[in-house]
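Here is a short briefing to read alongside the structure. Take your time, and find each part in the picture as you go.

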Amino acid sequence: MRGKSVLLIIGGGIAAYKSLELVRRLKDRGVSVRAIMTKAAAEFVTPLSVASLSGERVFQDLFSLTDEAEMGHIQLSRSADLVVVAPATADLMAKLAGGHANDLASTALLATDKAVLMAPAMNVRMWNHPATQRNLKTLKSDGVLFVGPNEGDMACGEFGPGRMAEPNEIASAIENYFRSDRGALDGVRALVTAGPTQEPLDPVRFIANRSSGKQGYAIADALARAGADTTLVSGPVEIAPPTGVWLLKVTTAREMLAACESALPADVAVCTAAVADWRPEITANNKIKKEKGAATPSIRLIENPDILATLAKHRQRPQLLIGFAAETEDVVAHAAAKRLRKGCDWIVANDVSPHTGIMGGERNTVHLITANGAENWPELAKSEVGSRLAARIAETLKGKAA
Ligand SMILES: Cc1cc2nc3c(=O)[nH]c(=O)nc-3n(C[C@H](O)[C@H](O)[C@H](O)COP(=O)(O)O)c2cc1C
């Protein structure tokens with residue numbers, strides 16, 4: 001990151017104090033930081049503190065004549081290698097999603113030709129509000145990058161998602177962005193599966209599982225950002241697809257297998273989807289009725305195709321085939337056995353017991369199991385797991401090609 005520059009936009013939230021720490025972390029890593037503060041941000045931290053830590057004057061006013069004479073707002077918005085918004089308030093997210101530009105921060109966000117990384121921070125209800133979630137979806141599909149928010153105790157006394165990512169997590173996300181392995185997967189074809197499958201009992205009922213698809217989507221995002229031509233085969237999930245991936249939406253395990261086969265050949269496949277092992281033997285054409293006095297129906301299950309094992313034996317087997325193992329006990333031992341049983345190259349294993357909060361959560365603690373043994377990765381944001389995995393894939397494919 002040494003020699004890079006960041007334009008840091010500080011929004012008006014309690015978490016603004018953490019942006020001071022972020023400035024320090026970035027300066028420590030040799031990144032120059034120029035800051036814009038909103039009017040509200042200056043209610044939480046002083047421009048003097050930000051200027052002292054960044055070593056640069058702080059910009060606050062769109063209509064400041066000296067700023068316009070010395071450096072216009074357009075030039076300011078493009079002066080850095082990356083624009084970071086921390087904290088990204090509900091208001092700043094809404095402004096950018098709606099294309100508003102009525103102060104220096106929002107104008108710079110619209111005028112910039114650089115990537116934007118947002119670290120949202122707000123009360124849990126503000127975060128969960130349909131308006132904020134709508135804005136999030138829009139911003140993601142416009143290519144805005146996100147780090148956090150995390151789940152936890154909030155300054156307002158409530159608990160839930162909305163806490164700004166910690167300064168070191170934001171600094172890691174920035175580091176990721178600047179990583180020299182951007183483009184490391186240029187020319188590589190990648191296939192990722194994500195989410196659950198749904199196996200219908202009748203037109204209105206199905207068997208499914210709690211997979212959110214977040215980890216698979218984060219991996220597809222990381223692969224695409226590293227330059228891979230990425231196909232994401234996704235079961236039914238509630239998240240927006242990452243920018244630049246080819247999305248194939250499916251419902252059942254059999255549809256997922258067919259979509260995967262249609263996406264071959266691929267150099268690497270990462271199977272994160274929680275594919276249902278079984279499906280009802282019979283799917284009723286009409287809703288199964290609860291008849292008075294009739295016996296409770298029983299459901300006979302039959303086995304679904306095993307997508308990972310099928311890809312492992314496929315005549316177009318990807319040269320690097322990676323499976324996921326969601327376990328609730330003896331995680332590493334079960335995953336190592338699964339690697340051999342399925343015939344894949346790597347298994348990424350995680351503990352999905354309810355107390356871990358991994359299923360549906362934003363963070364993950366994984367073990368990477370290869371022919372050389374198991375590596376225990378620290379707890380990371382799912383996006384960071386995706387980036388690290390993409391970097392390992394690039395390294396390995398390069399090694400195989402050499
Ligand atoms: C004490 C206090 C704390 C606030 N914390 C947040 C917050 O964490 N996140 C947020 O989105 N808004 C928060 N707000 C509301 C914003 O300050 C308000 O929406 C403001 O207009 C945002 O302006 P800006 O987006 O230009 O910075 C808070 C307001 C107050 C008074």
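The ligand is surrounded by 15 residues, where a residue is near if its C-beta atom, placed from the backbone, lies within 6 Å. The closest are G12, G13, T38, T89 and D91. This is a predicted model: local features need pLDDT of at least 70, side-chain atom pairs count only at pLDDT 80 or more, and totals for chains, interfaces and linings use all residues. Residues are numbered from 1 along each chain as its sequence is written.

**Around the ligand**
- Helix α6 (residues 90-98) gives the largest share of the shell, 3 residues; helices (H or I, at least four residues) and strands (E, at least two) are DSSP runs, numbered from the N terminus.
- By class, the shell has 9 nonpolar residues (Ala, Val, Leu, Ile, Met, Phe, Trp, Tyr, Cys and Pro), 5 polar (the others, Gly among them) and 1 charged (Asp, Glu, Lys and Arg).

**Helix α11**
- In α11 (residues 214-225), 12 of 12 residues are buried, meaning that 20 or more other C-beta atoms, placed from the backbone, lie within 10 Å of a residue's own.
- Among the buried residues are Y217, I219 and L223.
- After α11 comes G227, which has a positive phi near 105 degrees.

**Strands β1 and β2**
- Strand β1 (residues 5-10) pairs with strand β2 (residues 32-37) in the parallel sense over 6 bridges; pairing requires at least two bridges found by DSSP.
- Opposite L7 stands R34 in β2.
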